Amino acid sequence: MVDGKSSPIRSACFVLPTYNEAQNIVAIIRQILVLDHANLTVQILVVDDASPDGTADLVHALNDERVRVLSGQKRGLGSAYTRAFEYVLKHMSVDAVVQMDADFSHAPMDASRLLAQLASTDVAIGSRYVAGGSVDPAWGLRRRLISKVGNLFARSVAGIYRVRDCTAGFKAIRVEALRRAFPLRLRVQGYVFQVASLHALQISGASIAEVPIYFADRAAGETKLGRDDIIEFFVHVWWLRLLSRKTFIKFALTGLTGVAVNLVSFQLLLSTLTNPYVSSAIAIEISIVWNFMLNNFWTFRDRTMRTRKRVRGLKFNAVSLLTLVLSFSTFVLLRWFFPDHPAWFSQFISIFPAALANYFANSYWTFKSDQV
Ligand code: GDD
Ligand code: MN
């Protein structure tokens, strides 16, 4: 809480994004409205993207003045939430916003615990990854891995280190905190919204706490998490990082020039040596040396280091080798998980874990500062 004082939460707007949730929406609304009593006024905003299964019609048919529908075109979970939060900030007068899935993965009853937490923080996250929190055993290995890797990236790349469940879709937020964090500096379409909004809340000074929840597998219908969401996710977390870190921008730019150097040298070598494997190996090494020089004399220039440049050069090469192994293993793993997606998708995504490891290994080992 920025001012240290906490006004009590007397009213809350529940924001429910829906796309084809006809099987769940009415039941979930009923359960949420149970929370509407003397001490808490509850309103519900259903953000529907013209669901072909008629989700919005079912909500209209309830004919309850506490429940309204915000309709729009299908552009993704992030667009829907952005639209809803802007609406709440502009047209509604409530103390808090609760965002949750409309498929019973998040139990409406748990919202009380999140709202209670707002007595001492600006944001309460319904967290799967703190002590006492858990995920439905029905969630397969694939879903678990996507969630874990997504979280690892959100925490380490976007820099939300203190939060365990960065991709959580269940949150209670004080409206004043939401107002300080919005609008987002970079618009998002898909699921990465969860991370982007948390990042915005964090940098605007909101205090954040995690409340353990059990995340059930959806009761009916199917997940809408798609390939575009995954691509946007892995690209966007780096943008979030770029917003706040100068060293990181330099490192990323260096990496980009390295890619160009690699490809140009490869072409030149190929035209003289003709052997593609030899050309490839030499080109990779040239780009490694190029990246090292730029990082040494530009990116990490400000760091005082006692290690000799030759030692740093060797370390940099060792890290590059690790990068290669990591990106190739990711590629193989992704081919296994997503056999139906084109190979370039796996190749593209595999760059990111490697680049992440590369950055941290170089920043904290190769170019480790002597100062503490
Ligand atoms: N309006 C709208 N537009 N709603 C959408 C869209 C969209 O494009 N895509 C999904 N939704 C709604 C769904 O109808 C559901 O109510 C909720 O958003 C979550 O969608 P799911 O498809 O059920 O998500 P999930 O179970 O795979 O993902 C869960 O885990 C993610 C990662 O941890 C959710 O809790 C996400 O919020 C979370 O980020
Ligand atoms: Mn779900």
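1. Start with Asn-63. At 69% relative accessibility, Asn-63 is exposed (exposed means over 50% relative accessible area, buried under 20%, partly exposed in between; 1.4 Å probe, protein chains only). Asn-63 sits in the loop between α2 (55-62) and β3 (67-71). Its phi is positive, about 55 degrees, although Asn-63 is not a glycine. Helices (H or I, at least four residues) and strands (E, at least two) are DSSP runs, numbered from the N terminus.

2. Basis of the note. This is a predicted model, in which local features need pLDDT of at least 70 and side-chain atom pairs count only at pLDDT 80 or more, while totals for chains, interfaces and linings use all residues. Residues are numbered from 1 along each chain as its sequence is written, chains are lettered from A and ligands numbered from 1 in the order in which they are written, and side-chain values use heavy atoms, with hydrogens and water left out.

3. Overall layout. The protein chain has 12 helices and 9 strands. Its C-alpha atoms fill a box of roughly 75 × 50 × 35 Å, taken along the principal axes. Of the 372 residues in the protein chain, 50% are buried.

4. Backbone points to check. Phe-104 also deserves a look: Phe-104 has a positive phi of about 70 degrees and is not a glycine. Phe-104 lies in the loop between β4 (96-99) and α4 (110-117). A cis peptide bond joins Phe-182 and Pro-183, with omega about -5 degrees. Pro-183 belongs to the loop between α6 (175-181) and α7 (193-203). As background, most residues other than glycine have a negative phi, and most peptide bonds are trans.

5. The ligand shell. There are 24 residues around ligand 1, and Glu-21, Lys-74, Asp-101, Thr-223 and Lys-224 come nearest (a residue is near a molecule or strand if one of its heavy atoms lies within 4 Å of it). By class, the shell around ligand 1 holds 8 nonpolar, 7 polar and 9 charged residues. Here Ala, Val, Leu, Ile, Met, Phe, Trp, Tyr, Cys and Pro count as nonpolar, Asp, Glu, Lys and Arg as charged, and the others, Gly among them, as polar.

6. Backbone contacts to the ligand. A backbone N or O atom of Thr-18 is 3.1 Å from a nitrogen atom of ligand 1. A polar backbone atom of Tyr-19 lies 3.0 Å from an oxygen atom of ligand 1. For Leu-77, a backbone N or O atom is 3.4 Å from an oxygen atom of ligand 1. On its own, ligand 1 has 740 Å² of accessible area, and the protein covers 96% of this (Shrake-Rupley method with a 1.4 Å probe; for residues, only the protein chains shown count as cover). The elements that give two or more residues to the shell around ligand 1 are β1 (11-18) and α3 (77-91).

7. Arg-218. Arg-218 is in the loop between β9 (214-215) and α8 (227-244). At 16% relative accessibility, Arg-218 counts as buried. Its side chain makes a polar contact with the side chain of Glu-21 at 3.1 Å. A polar contact is a pair of N or O atoms within 3.5 Å; within protein, one must be able to donate a hydrogen and the other to accept it, and residues adjacent in sequence count only if both atoms are side-chain atoms. A polar atom of the Arg-218 side chain also lies 2.8 Å from the backbone oxygen of Ala-220.

8. The cavity. A search of the whole structure finds 1 cavity of 30 Å³ or more. On a 1 Å grid over the protein atoms alone, a cavity is a set of points where a 1.4 Å probe fits but cannot get out, and lining residues have an atom within 4 Å of a point. Grid points are joined across faces, edges and corners, and a volume is the space filled by probe spheres set on the points. The largest cavity holds about 40 Å³ of space. Thr-82, Glu-86, Phe-182, Pro-183, Leu-184, Arg-187 and Val-188 line the largest cavity. By class, its lining has 4 nonpolar, 1 polar and 2 charged residues.

9. Buried positions. Ala-12 is in strand β1 and is buried, at 0% relative accessibility. Ala-12 and Val-94 are 82 residues apart in sequence and 5.5 Å apart in space, C-alpha to C-alpha. Ser-320 is in helix α11 (residues 309-337) and is buried, with a relative accessible area of 11%. The Ser-320 side chain reaches the backbone oxygen of Phe-316 at 2.8 Å.

Note on methods
On a 1 Å grid over the protein atoms alone, a cavity is a set of points where a 1.4 Å probe fits but cannot get out, and a pocket is an open set with protein on both sides within 12 Å along at least five of seven lines; lining residues have an atom within 4 Å of a point.
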